[in-house]
Amino acid sequence: MGDWKAITVPLLSSGSKNIFPYTSERKRSPTSMNSQVLRLSLPSPKNMYNFFGAFCTEENLEQSISYIDRELTTMGFPSIYAEPKGKELNLVCIINCMNELLVLQHKNLRAQEEVEIQHLKLGSDMDHLQNCYAKLKEQLELSKREIVGLQERDRQLQSKNRNLHQLLKNEKDEVQKLQNIISSRATQYNHDMKRKEREYNKLRERLHQLVMNKKDKKLAMEVLNYVGRADGKRGAWRTDKTEARNEEEMYKVLLSDYEQRQKQLLLENAELKKVLQQMKKDIISLLPPQKQKPKERSEDGLVLSDQEEDIGELNKENMWELSCETVREQLTNSIRKQWRMLKNHVEKLDNQVSRGHSGAWNEKDVISREDHELETGKLELEIQQCKEMIKTQQQLLQQQLTCDDDTTLLLQDCYLLEERERLQEEWRLFREQKKNFEKERKSFTEAAIRLGLERKAFEEDRGAWLKHQFLSMTADCKPENTTASAFLRSSDPDIRLVKSASRQRRLPSVLSPAVSPEPFQISQYIAQNSVASEKPAADNMPNLWVEGDDKEETEECTKSWEDSGVGPLFRNLHMEQLP
Amino acid sequence: PWFLEVFKARILPQLSPVLSPQASCIQHRLVVRDASSLQILQLYTCLDQIQYIEWSSDSLFILCAMYKRGIVQVWSLEQPDWHCKIDEGSAGLVASCWSPDGRHILNTTEFHLRITVWSLCTKSVSYIKYPKACQQGMAFTKDGRYMAVAERRDCKDFISIFVCNNWQLLRHFDTETQDLFGIEWAPNGCVLAAWDTCLEYKVLLYSLDGRLLSSYRAYEWPLGVKGIAWSPSSQFLAIGSFDEKVRILNHVTWKKITEFDHPATISSKKTIVYKEVEKSPTVDTERLTFPPTRALASSLFSTQSKYDISQVPVSLQYIKPVADRANPKVGVGMLAFSADNCFLATKNDNIPNAVWIWDIRKLKLSVVLEQLCTIQAFQWDPCQPRLAVCTGSSRVYLWSPAGCVVVQVPGEGDFQITSISWHCSGDSMLLLSKENFCVCYLEREERKGVKTCCPV
C-alpha cells in the first residue's frame with residue numbers, strides 16, 4: 001500500500017494527452033493499478049477523491065466522462081454512452097473497455113518486461129563484446145608491436161648476413177690472394193732453387209776441374225800386391241761383348257725372377273683349383289634334389305645340366321690340367337650357375353624360415369591354430385586307434401600265451417605267486433584292522449555301561465529332586481537371592497553356570513535347604529551339556545543335559561553375564577526369562 | 001743371455017759378416033777379436049784416428065776410413081803384413097764402403113763430386129760422376145751383382161744401374177721425382193724402390209731394366225714418405241709416412257693391401273700390450289755389509305724393470321708434434337720386417353716409447369711394447385722372429401711371439417745402449433753405446449754367464 005504515493009496521476013491531471021499514464025514506474029504493483037481503475041467507476045469516499053485531487057470530482061464528472069469517452073473512442077473502443085449524445089452510461093461497455101484496457105495493460109507490462117530483460121541481455125552482451133573488442137584491440141596492438149620488433153630483427157639479421165657475406169667474400173678474396181702469393185712464391189722458389197742448383201753445379205764442375213785436373217800426387221793407391229778376385233776370375237776388358245753379356249745376365253736375372261714367380265703362381269693356382277674342385281663337388285652333392293626342379297621347369301635348366309655333364313666329363317679327363325683359357329668360360333659359367341642355384345636354394349630356405357617366423361605373428365596365426373587343432377584331433381584319433389591296436393595285440397598275445405608252453409606257465413606261476421603274496425599282505429592288514437575294531441568295540445561297550453550307570457544315578461538324583469520339589473511346592477523359600485548370588489560368586493570362574501542358574505528359577509529355593517555340593521554339580525552338568533534355550537525352562541530341567549548339544553547359546557549368555565556380573569542384575573534377567 | 005765385458009770403442013765396432021771375428025778400434029788402433037772368446041786376433045795401427053771401419057763381404061779385409069785426412073787404409077786378416085792405402089787427395093772424402101765382392105772400395109768425395117771405385121785386384125780406378133747427395137743415394141742388390149746410384153744432373157733426378165762385376169753402366173734413366181730422397185733394392189734384386197722428398201708423397205718402382213713398374217701416391221699435400229722397408233721375400237713394401245700410417249703394397253699389382261694406423265689408444269682386445277715397469281730391488285737388510293760390496297752398491301742404485309701386460313684399452317704417451325719446425329717428430333720413420341716375413345715392427349715418432357709389432361699374416365696389430373724411455377733402435381734377429389729393442393738405457397729388450405724379456409747389461413756405470421747389431425748367426429748381438437760396446441750372447445739353452453776378457 002506504500003506505493004500509492006508513487007502513482008503518477010499528476011501527470012495525467014496536468015492535462016497531457018498521454019494515453020499510457022503508467023510508464024516507467026516498474027515498482028507499481030498491478031493491485032494498486034486495479035484499485036485505481038476501479039476507483040474510476042466505483043463510487044468511493046470523498047476523501048479519496050480529495051486524495052487524488054485532480055482528475056474527477058463531483059463538479060467535473062460529466063466532463064471527465066466525456067473526456068474518457070473521447071479518449072476511448074479515439075483509441076478505437078466503443079463509446080461508453082448508451083446512445084450517442086445521450087448522457088446515459090453503458091456500464092457493460094465501460095466494463096468491457098476496462099477489461100480491454102486491463103488486458104492491454106497486462107500485455108504491455110509483459111512486453112515491457114520482456115523488452116527490459118532483452119535490453120539487459122543486450123546490455124550485458126554489449127559489455128561482453130566491448131570487453132572482447134578491447135582485448136582484441138590490445139592483442140592487435142601487441143602483435144603489431146611484435147611484428148615491428150620482428151621486422152626490426154629481420155632487418156638486423158639481414159644486415160648482419162650482408163656483412164657476413166661481405167666478410168666471406170673478403171676472406172675468399174684473401175684466400176685467393178694468398179693462394180696466388182703462395183703459388184707465385186713457390187714458382188719463384190723453384191726457380192731460385194734451380195738457379196742455385198745450376199750455380200752449384202757450375203761450381204762443382206769448376207771444383208772438379210780444379211781438383212782433378214791438377215796432377216794430384218796425393219791421389220793414389222798404395223797396395224803391397226794386388227789380391228785375386230773373390231770369384232777367382234780375372235777382370236775382363238770392357239768391350240761391347242761384355243756389355244752384351246751384362247744385358248744378357250740382367251735379363252737372365254729378370255727371367256729367373258719371373259719364372260720363380262710363375263712357379264709360385266702355378267702352385268697357388270693348383271691349390272686354388274683343388275679347392276674349387278672340392279667346392280664344386282660339394283655343391284653338386286648338395287644340389288641333386290634341387291637340380292630336378294629346374295630341369296622340369298625350363299629349358300635353361302636342361303642346358304645347364306647338360307653343361308654340367310660336359311664339365312663332369314671334363315673333370316674325369318683331368319681338365320684341371322688344361323690351361324685356364326680353354327675351359328675358363330665353361331668353368332666360370334657352370335660355377336656361377338651352380339652358385340646361383342645354391343643361392344636360390346638358400347634364399348628359399350631363408351624365406352621358409354622367415355615365413356615360419358612371421359606366420360606366428362601374422363593373421364596366419366589363426367589358420368595355423370586351426371590346423372593345429374585339426375592335427376591334434378587327428379593325432380588323438382590315431383592314438384586311440386593305436387591303443388586299440390595295442391589292446392587287441394595284447395589280447396592276442398595273451399591268447400597265444402595261454403596256449404603256450406612251459407615258459408608261459410612259469411610266467412603264470414610267477415604272477416600267481418606275486419598275487420598270492422599280495423593277497424597275504426592284504427589279509428594281514430585286514431586282520432590287524434579287525435583287531436583294532438574289536439578293541440574299539442570293547443571300549444565302546446565299557447563306555448556304554450558306564451553311561452548307563454551314571455544315568456541310573458542321575459535318575460535317582462532326579463527322583464530325589466522331584467520329590468524335594470514336590471515337597472517344597474507349598475512352602476516358599478526366602479533366602480533365594482543371597483544364595484543365588486553367593487552361588488554365582490562361587491562359580492565365578494565358570495561363568496557358563498550363570499545361564500543355568502538363570503534358567504532354574506527355583507533352583508535356589510531348592511538349593512537353600514539342600515546341602516551345598518549337589519546343586520553345583522548339577523549346574524555343572526547343565527553347563528557342560530549346554531542347555532537348549534528353546535526348551536521351556538521349567539520343563540524337564542533334569543533332562544536338559546542329555547538332550548542339547550548347543551554350546552553357542554550358553555556362551556552368548558555368559559558374555560552378557562560377564563558385563564553385568566552382579567546378583568541383582570542376574571535376578572532381573574532371571575525374572576525376564578521366566579516364561 | 002750372457003755378456004762379455006764392456007769394451008771401449010770410439011767408433012762403432014763391426015761383426016764380420018761371415019766368420020767369427022769382430023773388429024773394434026780405439027783411436028788409431030784397430031783391434032780384431034774372436035767373436036766367441038773375444039781374444040785378440042790382430043792389432044793394426046793406422047795413420048790417424050779411425051772414423052769408420054767396415055768388413056769386406058768375405059771377412060778377409062777391413063777398411064778403416066779417416067775422413068779428416070781423406071785416407072782409407074785396408075788390412076788383410078790372412079796376411080797381416082799386407083796393407084793398402086788409398087788417398088783421395090784434395091778431393092776429400094766423406095764416405096767409404098766396400099763393394100759387395102769385397103775387392104773394390106767406393107769412396108765418395110767431398111761435395112759429392114764423384115764416387116771413386118778403387119779395385120784391389122787391378123790398379124784400375126773408376127769414377128761415377130754427379131752422385132746425388134741424399135740420404136740413401138747408393139744401393140747394392142742383395143746378391144751383389146748390381147748397384148744403383150741416384151744422380152742429379154741439370155736439376156733432374158736420374159738413377160744409374162751398374163754391374164758390380166766390371167762397373168759398367170747397365171741402365172740410366174730419369175725419375176719422375178722432384179727431389180729424389182732414397183733408393184732401395186728389393187731383396188730379390190729385381191725391383192728398385194725410389195721415393196721422393198717428404199714434401200711430396202711419391203714412391204716409384206722400377207724394374208732392373210729401368211722400366212717404371214708402378215708409382216704410388218697416397219695423398220698430395222701433407223708431408224709424405226718417411227721411411228720404407230722391403231719384406232725379405234720381396235712380397236711387400238711397407239711405406240711409413242708422416243701421417244702416422246704404414247701402407248703396405250703388394251708385389252703383383254703394386255697396389256695398397258692395407259694401411260696400419262698408429263693411434264695413441266689401443267682398444268683392440270686382440271692386441272697384447274707389454275708395458276715396461278720399473279721395480280726397485282728389494283734388499284735384505286740383514287745381508288747388508290759395511291762397507292757394501294761394489295756389486296751390491298751398484299745393484300742398490302740401479303733399478304730393474306720388467307714387463308707387465310696392460311689391460312686394453314691402453315693410451316700411450318703421445319707427444320704433440322711442433323708444427324712450425326722442420327722435420328717434425330711425427331710419423332713412422334723406423335720400420336722393419338722380421339726375417340720370416342711374418343712380423344713388421346714400426347715406431348711412430350710422436351709415440352716415441354712404443355714399438356708396434358704387426359702380424360703380416362693377419363694384417364693386424366699383434367703386440368705393442370710400451371717402454372719407459374724413447375726407443376733408440378730396434379733390429380730383428382736375422383734367423384728367427386725375435387726383435388731386439390734398445391732405449392738408451394742399460395737394458396736390452398727382446399720380443400718373440402713367445403713373450404718379452406728384459407736383459408740387464410751387467411757391470412758398473414751407465415751403459416746407454418744406443419744401437420744394436422745382430423750377428424748373422426742370430427746367436428749374439430753387439431750392444432753399442434757412445435763409447436763402449438759389449439757382446440750379448442743368446443743361447444738356446446738360456447745358459448747364463450759372463451765371460452770376462454781383459455780390455456785392451
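This is a predicted model: local features need pLDDT of at least 70, side-chain atom pairs count only at pLDDT 80 or more; totals for chains, interfaces and linings use all residues.

Residues are numbered from 1 along each chain as its sequence is written, chains are lettered from A and ligands numbered from 1 in the order in which they are written, and side-chain values use heavy atoms, with hydrogens and water left out.

**Interface**

Chain B puts 50 residues in contact with 40 residues of chain A. Contact means heavy atoms within 4.5 Å. Together the two chains bury about 4300 Å², with 53% of that on carbon and sulfur atoms. Buried area is the accessible area (1.4 Å probe) that two parts lose on being put together, summed over both. B:Leu113, B:Cys155 and B:Gln168 supply 14% of the area that chain B buries against chain A, more than any other three residues.

Polar links also cross the interface. There are 4 salt bridges between chain B and chain A. A salt bridge is a side-chain nitrogen of Lys or Arg within 4 Å of a carboxyl oxygen of Asp or Glu. Between the chains, 13 residue pairs are in polar contact, both residues at pLDDT 80 or more. A polar contact is a pair of N or O atoms within 3.5 Å; within protein, one must be able to donate a hydrogen and the other to accept it, and residues adjacent in sequence count only if both atoms are side-chain atoms.

Which elements give two or more residues to the side of chain B that touches chain A? They are strands E10 (83-87), E13 (114-119), E14 (125-129), E16 (146-153) and E18 (168-174) of chain B. Helices (H or I, at least four residues) and strands (E, at least two) are DSSP runs, numbered from the N terminus. E10(B) gives the largest share, 5 residues.

**Strand pairing**

Strand E1 (residues 220-223) of chain A runs antiparallel to E10(B), joined by 4 bridges. Two strands pair if DSSP finds at least two bridges between them. A:Glu222 stands opposite B:Lys85.

Within chain B, strands E37 (residues 395-400) and E38 (residues 403-408) pair in the antiparallel sense over 6 bridges. They form a hairpin with 2 residues between them. B:Tyr397 faces B:Val406 across this pairing.

**Salt bridges**

The count over all chains is 32. Four of these pairs are listed here.

| Pair | N to O distance |
|---|---|
| A:Glu249 and B:Arg145 | 3.3 Å |
| B:Arg103 and B:Asp58 | 2.9 Å |
| B:Arg152 and B:Asp157 | 3.0 Å |
| B:Arg395 and B:Glu278 | 3.6 Å |

B:Arg395 lies in E37(B) and B:Glu278 in strand E28 (residues 272-279) of chain B, so their bridge ties together parts 117 residues apart in sequence. B:Arg395 counts as buried at 7% relative accessibility, and B:Glu278 as partly exposed at 45%. Buried means under 20% relative accessible area, exposed over 50%, partly exposed in between (1.4 Å probe, protein chains only). One network of salt bridges with shared partners joins A:Glu197, B:Lys132, B:Arg152, B:Asp157 and B:Asp179. Both B:Arg152 and B:Asp157 are buried. B:Arg103 is buried at 6% relative accessibility, whereas B:Asp58 is partly exposed at 21%.

**Chain A**

Chain A holds 18 helices and 1 strand. Of its 579 residues, 19% are buried.
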